[in-house]
Amino acid sequence: MGTPWLILVTSLVLSLPPSSFSSSPSPPNSLTKGASLSVEKPNRVLVSPNKEFSAGFYSVGENAYCFAIWFAEPLYNGNHTIVWMANRDQPVNGRLSKLSLLKNGNLVLTDAAQLTVWASDTVSISPLRLLLLDTGNLVLFTSKERVILWESFDSPTDTLLPNQRLTRATRLVSSRSQNNYSSGFYKLFFDDENLLRLRFEGPEVSSIYWPPPWLNSWQAGRTSYNSNRTAVFNSSGHFMSTDDFQFFAVDYGIGVQRRLTMDVDGNVRLYSLDKSTKRWNVSWQAILQPCTIHGVCGPNALCTYVPGEKSGRRCSCLPGEFGFIHLKHVEFYGYDIMFYSNYTLESCKNECLKRCDCYGFQYKFDYVNHYYLCYTKSLLLNGYRSPGFGDSFYVKLSKTSLSSYTNLGVNLGLDCSRPVSLQLNRSYKKPQENESLQFMVWFSYVFGGIEVICIFFVWFFLYRTNQNSDAATHGYLQVATGFRRFTYDELKKASRNFREEIGRGGGGVVYKGVLSDHRVAAIKRLNEANQGEAEFSAEVRPIGRVNHMNLIEIWGYCVEGKHRLLVYEYMERGSLAENLSSSTLGWEKRFDIAVGSAKGLAYLHDECLEWVLHCDVKPQNILLDSNYQPKLADFGLSKLLNRGSGHDSDFSTVRGTRGYMAPEWIFNLPITSKVDVYSYGVVVLEIVTGKSPTIGHQTSGNPGEMEQRGLVRWVREKMNGNGSKEARLEEIIDPVMKDSYDVGKMETLVEVALQCVEEDKDARPTMKQVVERLLLQENEY
């Protein structure tokens, strides 16, 4: 045994508290030979002496459990942070499964069939003890000799804890997704050159992406001249690796709970726990530009850096493969077929057209030699779009595909027709004897074969259309985003037979529930059930792909018989309407709510993959989380539209709520995104004044139309009156905010709101312009 290893074992043994090795009877938070932990007794867990860590069976799905170690203190949402798992890729049954310390000294995890799922592979005739230390390390040691036989620190999953070492024999492997703890595609490890690296290992390809693979070790600030491969960080937040890589946490210091995790998005992050909010904050991350992570968007996709997104990026699919469309500011890293220097654009196109395995080419200008370089590509992976990248990429498409993209405003005038296959010229001699009989026999065979094949293909098409296509799409969504299809019985059980009602509207009733994975959810039962199951599923899935910090997260749906339900994240603070009526919102919160709501609508109108109109923007549909962060609800239920078809749409019925509806609804004018802008303006006026939009100003004309504009007319008259701006603002603002608001911000907020509620839709700003105006005002102050 080498000296470094001996020092490591000795330090770990000495870190055990003296009471850990006593020969007295073991306390309830440890295991001795012959003892076991049962999955059917969830409260029977091992607890560290400082109460910071727990070890036991953890539910990872419906009737699926893993033996894990987690932080004992739950987070703000009630979930626990897992730091280690024994059987992440092979969960056990919720009955009869056990973790047992056998008489022979082996620690084994068995499932309901008594099959061994995981084992420590240890043997000892001495008395043994399994103990969870204050460091989060689960240790199996001899009670008398104090010899460690096995420890969880030697086999990390996706997380390192302070003073836990990453070595040449270990690696961190990400989870598949936030809700799927099985092994994912990203790994932090030491390579054969003794360098600490990040690698994407997909189902078909793998590649190194950190440090950047085109840099030498010394260019990346690393050294391969070391005889050891070890990385570790201490409790203060100082990370050190034997290849000379090191960093300090931004909150460097003692007294903070920390963890280093290989996250599901391919980035390695150091987290610090904020005990006041019970949230993990990022105190360091390896990659600042998320689009440089390989495989993050899958093959034939582009990753675009979007600071406002929760993940910092957005993935979009390419139009297709095969001919050429011009993509500006785009690069696809790696998988070059050939490299050509001093090539014209036409020459580069011809080279790609000659090869069946060429999917496109990168066309870059060499500023040193002052000519263009051509890189033909065999695989479109690691796509990246950035305004700072000055060169272009050309994707090869078939001619038929090119014609379908002529409306996109890109140059698609290339003739890519070419032979894609050769027919083999084979001839066979016909037998000279019994030709008539053989003809009849072969004719019968061919006719019967064609009939069988036709029947099979018809059956296969019908079956796959109704079953497999739906399951495959849904399965991908569930893995990639956590969006899934629930059964009616699941939601009935989660809501305790729909007992606790937390909201009601024209679209349905909302109930509070707790899902099988312990997430608190809002379950909405929709009133209308006119759509078929396939139609409803097809309409709701695009909503599950929408992801923005100011949009309510939709976790799934249920469609069974006449039942149509949606499952949302639960918002602790309720709706904006409830908070306005209770006068609990101060000026700062109200301004932040106005800005956040505008960001959510701007995303739906201009940034979402599908153009979405909300059509019912009102305080009841703006929900607030524990930090009063606004999130729009019911945003996808009105209508989903394709941007390519234009921004005008015909609605068969009037949608929205009286008091917040734009004039277009009343006068039967074309409906555009400006109807949401109008409703947003009314909501902002309600935030500012604290008054309902129907405060009753009757005039001649259409009584109903004038009544719903009562608040708008009243604010406009006050702001156009005499006196200073401060005095006019004092007349309209909610008395709760008097003497506590910022005059400049309040003036801008009212001006923006009045622009949004202009009668002429063309005079209203877009939501993107609203966000820019409010953020500019926010930055100035």
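**Cysteine links and burial**

Modeller: The link of cysteine 291 and cysteine 303 is left-handed, with -80° about the S-S bond. The model is predicted.

Biologist: Why is the pair of cysteine 291 and cysteine 303 called a disulfide?

Modeller: The S to S distance between cysteine 291 and cysteine 303 is 2.1 Å. The cut-off is within 2.5 Å, so the pair counts as a disulfide.

Biologist: Which parts of the chain does this pair link?

Modeller: Distant ones, 12 residues apart. Cysteine 291 sits in the loop between β24 (279-285) and β25 (301-305), and cysteine 303 in strand β25.

Biologist: What makes cysteine 291 count as buried?

Modeller: Its relative accessible area is 4%. Buried means under 20%, so cysteine 291 qualifies. Cysteine 303 has 1%, so it is buried as well.

Biologist: How many disulfides does a search of the whole structure find?

Modeller: Three.

Biologist: How do you know that cysteine 348 and cysteine 374 form a disulfide?

Modeller: Their sulfur atoms are 1.7 Å apart. That lies within 2.5 Å, so the pair is a disulfide. With 70° about the S-S bond, this link is right-handed.

Biologist: Where in the chain are cysteine 348 and cysteine 374?

Modeller: Cysteine 348 is in helix α2 (residues 345-353) and cysteine 374 in strand β31 (residues 371-377). The two are 26 residues apart, and the pair links distant parts of the chain.

Biologist: Why is cysteine 348 called buried?

Modeller: Its relative accessibility is 0%. The limit is under 20%, so cysteine 348 is buried. Cysteine 374 also has 0%, so buried applies there too.

Biologist: What makes cysteine 352 and cysteine 358 a disulfide?

Modeller: Their sulfur atoms are 2.0 Å apart. The rule asks for within 2.5 Å, so the pair passes.

Biologist: Is the link of cysteine 352 and cysteine 358 left-handed or right-handed?

Modeller: Left-handed, with -100° about the S-S bond.

Biologist: Are cysteine 352 and cysteine 358 buried or exposed?

Modeller: Cysteine 352 has 0% relative accessibility. Cysteine 358 has a relative accessible area of 1%. Both values are under 20%, so both residues are buried.

Biologist: How do you know that cysteine 615 is buried?

Modeller: Its relative accessible area is 4%. That is under 20%, so cysteine 615 is buried.

Biologist: Why does cysteine 756 count as buried?

Modeller: Its relative accessible area is 0%. The limit is again under 20%, so cysteine 756 is buried.

Methods. Residues are numbered from 1 along each chain as its sequence is written. This is a predicted model: local features need pLDDT of at least 70, side-chain atom pairs count only at pLDDT 80 or more; totals for chains, interfaces and linings use all residues. Side-chain values use heavy atoms; hydrogens and water are left out. Helices (H or I, at least four residues) and strands (E, at least two) are DSSP runs, numbered from the N terminus. Buried means under 20% relative accessible area, exposed over 50%, partly exposed in between (1.4 Å probe, protein chains only).
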